[in-house]
Each structure stands twice: as C-alpha cells, then as structure tokens.
Amino acid sequence: MTDDDLARLDLAALAARIRGRALSATEATRAMLARIDRLDPALRAYALATPELALAQAAEVDARLARGEPVGPLAGVPVAVKDLCWTRGMPTAAGTTVFADFVPEVDGTVVRRLREAGAVLLGKLQMTEAAFSAHHPQVVPPRNPWDAAAWTGSSSSGSGVATAAMLCFGSIGSDTGGSIRFPSAACGVTGLKPTWGRVSRFGAFELAASLDHLGPMCRSAEDCGLMLGAIAGPDPDDPTATQAPVPRYVDGDADRLGGVRIGFDETWAAGDVESEVRSAVLAARDVLRALGASIVPVAVPDTDPVVAAWMPICAAEAAVAHASTFPSRRAEYGPMLAALLDDGLALSAVDYQRALLVRAAFSGRMAALLADVDLLLTPAMPLAGPSLEQIAALRRVPGHRVRLQRYTTPFDMTGQPTITLPGGFTTGGLPIGVQLAAGALREDLLVRAGRAFQRETDWHRRRPAV
C-alpha cells in the first residue's frame with residue numbers, strides 16, 4: 001500500500017488495521033507527515049505541525065499493541081485539532097496575533113480525551129481570527145483543495161481543508177454560527193455539531209460561550225461517531241457539560257431507516273437557495289425515503305429573527321471573552337473582529353435581553369417541532385460552492401448574514417445537534433453539503449442516518465486531486 005493509498009482510508013478502517021497489526025501506527029503517522037510536508041506549504045491547513053510528538057505517540061501505541069495491552073478506540077489514528085484547543089506546552093493562538101505567544105500549561109479536555117483514546121496528534125489547524133468570520137490580515141488563509149478560488153468556510157477552515165486533502169484522518173472544529181457546517185460543506189467532508197454541552201469546552205478559546213460547540217470533522221458519519229464517542233461526556237472542569245451518559249454512536253443497524261420520521265419544509269429548505277443546492281437537497285430527501293424513512297411535511301418557524309438576534313449575542317459574549325486584551329490592544333486585532341467587539345461593548349442590556357427573548361422563543365418552537373419528528377432535512381448553506389470573491393461581495397450586502405446563516409445559526413441558538421453530509425457537486429466540481437438536525441442529545445440518530453445515507457451514496461468518498 002502506497003502512502004497515498006493509506007491516506008485515502010477512512011478513520012474506522014485505519015483504526016481496525018492498526019488494532020489488527022496489519023499496519024503500524026508509526027507507518028500511518030509517517031505517511032500523514034509526508035503528505036503534510038509535501039502539500040501543506042500550498043494548502044496552509046496547519047498553523048503548527050507536531051511531527052516529534054506525533055511519532056512519539058505512534059510509537060507508544062505500537063509498543064502497547066506489541067505487549068498485548070488494551071488500547072483506545074482511536075489507537076494510532078493521526079488526527080489534528082483546531083488551534084483554539086489548548087495543547088500543553090505548545091502555542092494556541094486561535095488564529096490571532098494577540099494570543100500568538102499563549103502556551104497553555106494543560107491540555108484542553110478534548111485534546112486530553114483524544115490522547116486517552118490513543119489518537120496521534122499531528123498538529124494544530126489554522127482558523128479565522130478568534131473563530132469569528134475572517135482570517136487575521138497577517139494570517140495566510142487555508143486554500144480549498146478542490147479549487148484555490150473557492151471558499152473554505154469559516155472559521156474551522158483548516159479543519160475542513162486538512163480533512164478533505166487527507167492531511168489527517170479526522171479533525172476537531174468548532175461551531176458558533178456555522179463553523180463546522182460551512183467548512184464541511186465547502187470542502188466536501190462530514191461534520192457533526194453536537195448538542196451544546198455534549199462536548200466539554202474546557203481548554204477551548206471562547207468566541208461566544210453560550211453558542212460555542214466543539215465537534216468532529218471527518219470523512220464519514222461513522223468516523224464522526226467514533227470521534228464523538230471519544231471526546232463527549234461530563235467534565236468536572238466544565239460545569240456546562242451535560243451529565244448524560246455517552247452512547248456508542250456506531251452501534252446498531254445503519255442499513256435502513258424504517259420508522260424514522262424526517263421533517264421537510266420544502267419552501268424553507270429548497271426555496272431561496274441556488275438551484276444546485278435545491279437539487280442536492282431534493283435528491284437527499286429521495287435517498288432517505290428509499291432507505292425507509294417517512295418524509296413528513298413541516299413548517300419551520302421563521303428563522304430570520306433568530307439569525308438576526310445571533311449577532312448581538314455573539315458580540316456581547318465575544319466582548320467578555322476578550323476583555324483582558326480589547327480595547328487595550330486594539331491595534332493587534334483585525335478589522336472584522338474589532339468591529340464585532342466594538343458592537344458588543346456598545347450593546348445595551350435592554351437590546352441584549354431582546355435578543356435573548358427571540359432566542360428563547362425560537363428554541364421552544366424548534367424543540368416542539370423536533371418532538372414531532374425525529375430529524376429535519378435542510379441545506380448546509382444556500383450557496384453552491386461559493387468562490388472567495390462571491391463571499392467577499394456578499395459581505396458588502398446589508399443583512400447578508402441572515403441569508404448565509406439561515407441553516408446553521410438557528411441550531412447554534414437552540415443548541416440542537418446537526419450532521420453535515422456531502423450531498424453532491426456543482427457543475428464546476430465543487431462540493432455541496434446537506435444537513436440533518438435532531439432533538440437534543442440525539443447524535444446517535446444523526447450518525448445512524450448519516451451512515452445509512454453514505455451506504456447509498458458515494459459523495460463522501462470523492463477526494464480532491466491534490
């Protein structure tokens with residue numbers, strides 16, 4: 001098997017080969033490091049590669065297997081994490097210059113749990129400034145491996161690029177307004193945004209505390225389920241982490257979806273979207289129906305007010321997160337993040353409360369909707385393979401966020417989980433994503449539906465020619 005053949009394996013397949021000693025963790029790690037050396041100077045997915053640490057962790061896994069000792073579910077699998085995850089003894093800049101010298105003394109909970117599961121850390125992945133919507137002017141953004149002129153999504157851009165370009169077997173992203181979903185859709189990978197609180201946020205740099213989610217970005221729904229199982233669960237270091245037990249997300253029947261009720265609001269989900277997005281969503285609906293799911297017409301509550309309310313909440317919470325450095329070190333901030341923090345500092349308590357009331361009302365309505373159906377089918381975004389130029393132009397349009405974030409932000413505001421699945425390609429060869437949402441803590445059902453969908457389609461198996 002060549003290094004490139006090895007790199008094309010799914011996480012689950014690689015983990016099985018390493019456990020069965022058909023392949024060593026060191027071989028897998030060296031193959032990934034060689035690809036990073038060869039491809040990442042152009043793709044810029046990594047903010048920091050950690051080859052010495054990775055090889056040491058891989059050697060430890062190989063030694064444990066040779067001694068017949070038990071290993072974790074991700075033993076020997078090379079992964080990478082978004083650079084807002086604390087890593088003991090190495091920089092965690094979170095896409096900023098203001099925190100470029102920050103070196104945590106402990107691992108964040110997600111990093112620690114990946115290590116305990118046996119994963120090998122290849123490095124830290126590049127991201128937008130402090131996980132908001134633009135890269136810092138001094139940071140070279142990652143490049144989409146499908147097309148250098150295409151958007152990579154924000155803010156887990158490096159996670160999307162590295163996973164799609166086979167520079168890791170899985171990655172960690174974060175999502176506050178869509179930043180697992182957008183890069184997954186734009187780069188053609190599978191992303192799982194868990195229920196808020198399902199994954200501890202301890203040791204992860206905040207954008208907006210009540211909106212931030214950490215979750216896996218992988219090549220398949222099965223891989224996402226394996227990674228989520230390793231990182232989810234209660235955490236004494238994060239009092240907001242849910243106490244609910246963690247299920248085995250990849251157990252059970254994933255061949256059919258009989259008895260699963262999937263809500264679909266065609267006007268909302270397939271109306272104001274580009275034609276290729278509409279085609280992908282309708283095709284996904286047909287696949288899910290053929291798998292035995294019942295497609296149930298539903299009426300999604302108006303999402304425009306809750307998307308509009310997201311901005312003041314995000315701004316106020318981000319201002320709290322940056323209180324020690326902003327505005328005192330304003331000159332080190334990029335213009336978009338600085339503008340957000342200015343808005344947060346200027347926001348009145350009355351306006352913040354108005355936004356919270358919009359959020360609470362919408363959350364109640366969505367909880368009721370997802371009590372009547374098991375899943376909800378939506379696009380991941382209304383645009384099909386947008387270019388960097390198209391996104392830049394869109395940002396100059398007043399109210400652009402309300403349309404762009406229509407299918408992502410509502411589920412950050414409610415905290416409900418979603419999975420983004422590759423659902424097709426544009427005529428220009430760029431990926432299109434579709435999304436399933438579920439009620440709180442129903443990631444098991446999202447993984448099951450995603451696995452079934454991916455057994456009937458091959459969109460997730462297509463790789464960019466890098």
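Predicted model: local features only at pLDDT ≥ 70, side-chain atom pairs only at ≥ 80, totals over all residues.
Me: In what order do the strands of the open sheet lie?

Reply: Strands (E, at least two residues) and helices (H or I, at least four) are DSSP runs, numbered from the N terminus. Two strands pair if DSSP finds at least two bridges between them. Here, 11 strands form an open sheet with mixed pairing, in the order β1-β3-β2-β4-β6-β5-β10-β11-β9-β7-β8. Its edge strands, each pairing on one side only, are β1 (46-49) and β8 (294-297).

Me: Which strands does β7 join, and in which direction do they run?

Reply: Strand β7 (residues 261-264) runs parallel to β8, joined by four bridges, and parallel to β9 (residues 375-379), joined by two bridges. G263 has V296 as its bridge partner in β8 and L376 in β9. By contrast, β10 (residues 418-425) and β11 (residues 431-438) run antiparallel, with seven bridges; T418 has A437 as its bridge partner in β11.

Me: Which residues have the most contacts inside the largest nonpolar core?

Reply: In soluble globular proteins, nonpolar side chains tend to be buried together. A nonpolar core is a set of buried Ala, Val, Leu, Ile, Met, Phe, Trp, Tyr and Cys residues joined through side-chain atoms within 4.5 Å. Buried means under 20% relative accessible area, exposed over 50%, and partly exposed in between (1.4 Å probe, protein chains only). The largest core here has 135 residues, and those with the most contacts inside it are Y46, L114, L376 and L436. A second, separate core of 10 residues includes W151, A186, A380 and L404.

Me: What does L376 touch?

Reply: Contact means heavy atoms within 4.5 Å. Leaving aside neighbours within four places in sequence, L376 is in contact with several residues, among them G263, F264, W268 and L436.

Me: Is G89 buried or exposed, and where is it found?

Reply: G89 counts as exposed because its relative accessibility is 59%. This residue is found in the loop between β2 (78-82) and α5 (109-116). Apart from neighbours within four places in sequence, G89 is in contact with V103 and P104.

Terms used: Residues numbered from 1 in each chain as written. Heavy atoms only, no water.
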